[in-house]
Amino acid sequence: MIWINVVIQGVLVGGFYALFACGLSLMFGVMKVINLAHGDMAVVAGYVAVFLTPHLHIAEIWSLLVVVPLFALVGYVLQRTLIQKSIDRDPFTTLLVTFGLSVVIENLLLEFYTANAQTVNVGALGYESWHPGSIFFISYVSLGVLVAAVAVLAVLQLFLSHTGTGRLVRAVADDREAAQLSGANYRHIFGIAAAIAFATVALAGIAYGMQTQFAPTSGGVNLLFAFEAVVIGGIGSLWGTLVGGIALGMAQVFGAHFNPEYQRLAGNVLFLLVLAVRPRGLFGKTTSVS
Amino acid sequence: MSLDTPRREVGPSVRRSSTSPLFALSGSIILIGFFSVAPWIVPAEWSSVLMNFFILVIMATMWNLLAGYAGMVSIGQQAFIGLGSYATLYFALKGVNPFLTIPLATMICAVLAVPITFLLLRLRGGYFSIATWVVSDTALLIIGAIAYFGGGTGKLMPGLQYLSPSQTAHDTYLATWFVALVVVVGTYVLLRSRLGLVLASIRDNEVAARSAGVNVQSARRLIFIVAAAGCGAAGAVLAVSQPFIQPSSVFNIQWAAEMIFVSMIGGLGTIEGPIIGSAIFFTLQQSLQQYGVWYLVIFGSLAVVIALWQPRGLWGAFRDRYHTELLPVGYHLREEK
């Protein structure tokens, strides 16, 4: 019976990790940029939802409608300025710049909002759950996040394969010079990809705040989980990321079953095992990492 | 040194440095002499600041070796700082004098790094970076689960209580200074050896280096192991200098942030850069210490600005302008008159 629970909880957590990871995956796929501030961006989204939306006199859950478009805009601007500038230098610089941003963001949050933990208040919904069996429970919030994750992945997949802009994004990801020669402004397309990535990370940040507490330093661990989901699932595959997230979630729930301290450790061990045995991940097509 | 480089009658000659080595040599001897007697001539609080400065110099020099020379951006070097600290703690709990455990801890970190390279060197760029962090997180979780080391709450470093506090302060200062000296001089010698040339060739053009018969992977592996050993030594002196060892402090990613910012601001790919960066960092930290973590905000922003607009760092900019090197590791082509 515990196995069924491990699978159920693992799938629920895994959906959240996939939502977190798809922006990371998209930015790497299109710009070849690993955004080391990815996790911190999600935390910033959480702080914006908690501290700024009360001024708009709406329930915190509806902060999504404000924060997600706001982050898309932030993503576009950041891409066209700092990130593009570092891409123009070399991949090495993008790592240093995003790492610098990550540390600056964390410490600014510490200065302004202290190290106290925060949550996005969703009222009574946060405590309610569905009990299909006597020992299972499925939290409505977690289920909602899983549904949102699958929806985001599906919309992203449809966008990339069936729309004109999606085609441009794929073209620029394949060969930016060739796309530029054919009349696409690759910097603008990069901006669009970053806008999408930041919108998903804002969604993930608010989803995170609805499920658990977050603090200025929560970004790092979330970046780790998102990254582990991407590598376990296989780089360059959106649905692989979902499977990777679920595998990671199941490993963590399984570890936590024995000792709460083993939760993160079990996930890390699964990641290192995949790296040792199958470095391109479960669904990776090419060895694009090396 | 450049003095015995055979000189041809006509055409350009190859030299290590554009300035006289006597200048750097005499400067180095004065500095080494000063820092060796510093605990007896500077106030006690100064020698503790200097000690933390040397620990940062060790870490930054190692990170610079990894990133500036071998192109590996690690954000998980705190793994070896933590492992070095805990190796020291382990031997001290067994009754060994903590100062004698520093070389042991260094070797243990080098040995532990070997299997880790086989996992990590499969990855490149950003994937390598985050994977180093996963390794350090894993090390933190494993050490934190060991009851012998006090779990997550940590443990008091034994074996230092027989000395008076001032004697302990002197000894830890001298140990830290000696490790820093060995690390910097060792890095300098390493980069002037054949390996230094190999690294320069990989940095300039990896494909060309491969086709010229350079074994890129084994050069990277060696550098990773050396950097692990150096960070292990830093962790060991850190453990000796502070009485209480806690997983969350010795495995803190803030170490990575400090060593990265210091190397970037001082100048990647130079020996002098990390030392100058560390000096700037300590000046800033000491003068802003009443303002909380603002020094990290300022330092991080400065690092971003420098990475984008002055990627060779402050020392690199100075060197390019005045053609001066104190500790040259490259070669210069000179037209003979």
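Arg187(A) sits partly exposed in this predicted model, at 31% relative accessibility. Its partner in a salt bridge is Asp88(A), with the closest N and O atoms 4.0 Å apart. Asp88(A) is partly exposed too, with a relative accessible area of 45%. Asp88(A) belongs to helix α3 of chain A and Arg187(A) to helix α8 of chain A, so this pair ties together parts 99 residues apart in sequence.

Over all chains, the salt bridges come to seven. In chain B, Glu206(B) pairs with Arg124(B), and here the closest N and O atoms are 3.0 Å apart. Glu206(B) lies in helix α8 of chain B, while Arg124(B) is in the loop between α4 and α5, so the pair ties together parts that are 82 residues apart in sequence. Glu206(B) counts as buried, at 18% relative accessibility, whereas Arg124(B) is partly exposed at 33%. Both of them also belong to a network of salt bridges that takes in Arg210(B) and Arg220(B). Elsewhere in chain B, Arg312(B) and Asp320(B) meet in a salt bridge of 2.8 Å, N to O.

Then there is the meeting of the two chains. Here 45 residues of chain B touch 42 residues of chain A, and about 3,800 Å² is buried between the chains, 80% of it on carbon and sulfur atoms. Tyr127(B), Ile130(B) and Leu308(B) supply 20% of the area chain B buries against chain A, more than any other three residues. One salt bridge crosses the interface: Asp137(B) meets Arg264(A) at 2.5 Å, N to O. Helix α5(B) gives the most to chain B's side of the contact, with 15 residues. By class, that side has 33 nonpolar, nine polar and three charged residues.

Definitions and conventions
Residues are numbered from 1 along each chain as its sequence is written. Chains are lettered from A and ligands numbered from 1 in the order in which they are written. This is a predicted model: local features need pLDDT of at least 70, side-chain atom pairs count only at pLDDT 80 or more; totals for chains, interfaces and linings use all residues. Side-chain values use heavy atoms; hydrogens and water are left out. Contact means heavy atoms within 4.5 Å. Buried area is the accessible area (1.4 Å probe) that two parts lose on being put together, summed over both. A salt bridge is a side-chain nitrogen of Lys or Arg within 4 Å of a carboxyl oxygen of Asp or Glu. Helices (H or I, at least four residues) and strands (E, at least two) are DSSP runs, numbered from the N terminus. Ala, Val, Leu, Ile, Met, Phe, Trp, Tyr, Cys and Pro count as nonpolar, Asp, Glu, Lys and Arg as charged, and the others, Gly among them, as polar. Buried means under 20% relative accessible area, exposed over 50%, partly exposed in between (1.4 Å probe, protein chains only).
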